[in-house]
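Reader: I am new to this structure. Please pick one residue, look at it closely, and then show me what lies around it.

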Amino acid sequence: MIVSLYSTKGGCGKSTLAVCLAAYWSQTKKTVLVDADPQASLSVCRQEVLGVPVLQDTGKGIGKTIEKLAGEYQRVVIDTAGYRRRKNLDALAHSDFVLIPCKPSPFDLREAMEAAQLLGEIAGEGGRKGSSPRYAVVLTMAQRTAVSAQIREELQNSGVPFMSAQIGQRVAFVETPITGFPAAGSVAALEIELLAKELRRRLKA
Ligand SMILES: Nc1ncnc2c1ncn2[C@@H]1O[C@H](COP(=O)(O)OP(=O)(O)O)[C@@H](O)[C@H]1O
Ligand SMILES: [Mg+2]
């Protein structure tokens, strides 16, 4: 299963979610993280706490790299760069599922919609193994505020695929690259588990 984190917006939580999902899956599945962002954000992660290999690949043949990894690993998680670039598109086309993180702000909402539109276009072209990559927007850094509730409602009503699972604004997520997966039983750990399970359900459906 190949999952990419994508948005045309920087700072929306792609790398954080990539790290958390990979760390979550690594508890039970052979998992690898691919850093397809030239900024190499994932290089700051402490490998020993994440427990998954991190592969830096911003090269041309990322599609081939991904297919090869998919033969070796049960979960391939790809962190992409936050802007439109050819290599991103290759990674997206070779994914089974693309998650588009969206922060609860009007600016972020607009960018998430643009990213979803792009995914819709790629889906039209046909993706991995002839099937279209599935995608959905996920609300992240959510807070108990009126604007957070409003953005969630707008996403729900927008017609773009939208994850029921959401990720809150939590210190545990900021710490993940240093301390690893959030503590067992914490709300942060539960949120990642619910997100991963919803992804799985959507891919089976
Ligand atoms: N759920 C969250 N709660 C709190 N802070 C978060 C959360 N997700 C990401 N962050 C913080 O927001 C910033 C941007 O996140 P990052 O994952 O680097 O985004 P991107 O990869 O899209 O640029 C980082 O400082 C990160 O620690
Ligand atoms: Mg990043």
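Author: Thr 80 sits in strand S4, which spans residues 75-80. The model is a predicted one. Is Thr 80 buried or exposed? Thr 80 has 27 other C-beta atoms within 10 Å. The cut-off for a buried residue is 20 or more, so Thr 80 is buried.

Next, its contacts. Leaving out residues up to four places away in sequence, Thr 80 touches Ser 4, Leu 5, Tyr 6, Lys 14, Ala 36, Asp 37, Asn 88 and Ala 91. Now take a residue further along the chain. Arg 170 is 90 residues from Thr 80 in sequence. The C-alpha atoms of the two are separated by 22 Å.

One of those contacts leads to the ligand.

The largest nonpolar core holds 59 residues. H1 gives the most to this core, nine residues. Which residues have the most contacts inside the core? They are Leu 21, Ala 22, Ile 100, Val 137 and Val 138. As a general point, nonpolar side chains tend to be buried together in soluble globular proteins.

Take Val 137 from that list. Val 137 touches Ile 100, Cys 102, Ala 112, Ala 116, Leu 155, Val 160, Pro 161, Phe 162 and Met 163. Residues up to four places away in sequence are again not counted.

What covers the buried residues of H8 includes H1, strand S1 (2-5), strand S5 (97-102) and strand S6 (134-139). H8 runs over residues 187-204 and has 18 residues. From first C-alpha to last, H8 reaches 26 Å, close to the 26 Å expected at 1.5 Å a residue. Its buried residues are Glu 191, Ile 192, Leu 195 and Leu 199. They cover an arc of only 95 degrees around the axis, so they lie on the same side of H8. The other side of H8 has exposed residues: Val 187, Lys 197, Arg 201 and Lys 204.

Helix H3, residues 62-72, can be read in this way too. Ile 62, Thr 65 and Ile 66 are its buried residues. Seen down the axis, they fall within an arc of 95 degrees, so they line one face of H3. The face turned away carries the exposed residues Lys 68 and Gly 71. An α-helix has 3.6 residues a turn, so residues three or four places apart point the same way.

Last, two loop residues. Ala 40 lies in the loop between strand S2 (31-36) and helix H2 (47-50). Its phi is positive, about 50 degrees, although Ala 40 is not a glycine. Ala 40 counts as partly exposed, with 14 C-beta neighbours inside 10 Å. Met 141 lies in the loop between S6 and helix H6 (146-157). Met 141 has a positive phi of about 55 degrees and is not a glycine. With 21 C-beta neighbours inside 10 Å, Met 141 counts as buried.

Conventions
Residues numbered from 1 in each chain as written. Chains lettered and ligands numbered in written order. Predicted model: local features only at pLDDT ≥ 70, side-chain atom pairs only at ≥ 80, totals over all residues. Buried ≥ 20, exposed ≤ 12 C-beta atoms within 10 Å, placed from the backbone. Helix = DSSP H or I, 4+ residues; strand = E, 2+ residues; numbered from the N terminus. Arc of directions from axis to C-beta. Expected span 1.5 Å × (residues − 1). Contact = placed C-beta atoms within 7 Å. Core = buried A, V, L, I, M, F, W, Y, C linked by C-beta atoms within 7 Å.
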